[in-house]
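Me: I'm new to this one. Can you walk me through it, briefly?

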Amino acid sequence: MIRAVFFDIDGTLKPFDEHELRDTTVQMLADLQSKGIRIFVASGRPPVQLPLLGEKFNSVPWDGMILLNGQYCLNKEKEVVHNMPIPKEALHSLVPWLKAHADYPCSFCELEMSYDIAFNQGMHDYLESLGKLDEMPQVLDPVRSYEHDTYQICPYIPPEMDDAFVAHAPGMKSARWTDEFADMIPEKGGKPAGIQAMIDYYGIDRSEIMVFGDGGNDSDMLEYAGIGVAMGNAKDEVKAHADYITLDCRDDGILHAL
């Protein structure tokens, strides 16, 4: 019996170019909860970005949130269930290398803020499309990470550079979901680690959960869950990890699978 469902956000709960949840999605979430099934977010987004998702998303009474690719998890009361920042030794190794190779932008994600080490045109264009350029991350020296907990680093590098990046960040790994940039997280992290912490908290077995995802950073949770559902818009390499492949998120793929 399924007792909990975990949802990736972008490309899963909503198409990338839609900035609010659809009414059908909000109703679907309410229907699940009315049946006694808990609903959770499982996203790479940091807490500071949640307001960008709009009023409908933030009005949903989520039973918990797996954020930053599993590194920071909150229960229904917004209490911390799991907390795994990047190891400081990884940052002390990585930051000098980044400062010597600052020819591409790289975002550092804390809980309450994100900042770039160089101007980020991709982020500028995204926020401009939302009409929220006032929320453009500031450019700061990454030595700040020595004193402030950092949960995720997003370098705007092609996939073939992931190994070189990780080689300078011991204790980290790539959780890439797009060719544009990578989500670099603690080696022991990932969405399954966050989900495990959450279901331990609620007394749910992994065989009793269903997950929905579309990106490369969802592949391991698709395999981890009792039922892993890949969206129809997912890449073939992601679909290979799923128990079921549903319709595109634009075609109410979640509702179809349920």
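Reply: First, a term: buried means under 20% relative accessible area, exposed means over 50%, and partly exposed lies in between (1.4 Å probe, protein chains only). At 10% relative accessibility, D162 counts as buried. This is a predicted model, where local features need pLDDT of at least 70, side-chain atom pairs count only at pLDDT 80 or more, and totals for chains, interfaces and linings use all residues. Residues are numbered from 1 along each chain as its sequence is written, and side-chain values use heavy atoms, with hydrogens and water left out.

Me: What does D162 pair with?
Reply: D162 forms a salt bridge with R176, with the closest N and O atoms 2.6 Å apart. A salt bridge here is a side-chain nitrogen of Lys or Arg within 4 Å of a carboxyl oxygen of Asp or Glu.

Me: Where do R176 and D162 lie?
Reply: R176 is in the loop between β10 (172–174) and β11 (184–186), and D162 is in helix α5 (residues 162–167), so the pair ties together parts 14 residues apart in sequence. Helices (H or I, at least four residues) and strands (E, at least two) are DSSP runs, numbered from the N terminus. R176 is buried, with a relative accessible area of 13%.

Me: How many salt bridges does a search of the whole structure find?
Reply: The search finds 17. One of them joins the side chains of E208 and R3, at 3.2 Å from N to O. E208 lies in the loop between α6 (191–202) and β12, and R3 in the segment before β1, so this pair ties together parts that are 205 residues apart in sequence. R3 is partly exposed, at 29% relative accessible area.

Me: And what about D8?
Reply: D8 forms a salt bridge with K191, the closest N and O atoms being 3.2 Å apart. D8 sits in the loop between β1 and α1 and K191 in helix α6, so the two tie together parts 183 residues apart in sequence. Both D8 and K191 are buried.

Me: New topic. Is strand β12 mostly covered or uncovered?
Reply: Mostly covered. Strand β12 spans residues 209–213, and five of its five residues are buried.

Me: Which way do they point from β12?
Reply: I209, V211 and G213 point one way, M210 and F212 the other. In a regular strand the side chains alternate between the two faces of the sheet.

Me: Which strands does β12 pair with?
Reply: Strand β1 (residues 4–7) runs parallel to β12, joined by four bridges. Strand β13 (residues 227–230) also runs parallel to β12, again with four bridges. Two strands pair if DSSP finds at least two bridges between them. M210 is the bridge partner of V5, and in β13 the partner of M210 is I227.

Me: What lines the largest cavity?
Reply: The lining includes T12, R22, M28, C249 and D252. Elements giving two or more residues to the lining are α1 (23–34) and α9 (253–257).

Terms used. On a 1 Å grid over the protein atoms alone, a cavity is a set of points where a 1.4 Å probe fits but cannot get out, and a pocket is an open set with protein on both sides within 12 Å along at least five of seven lines; lining residues have an atom within 4 Å of a point.
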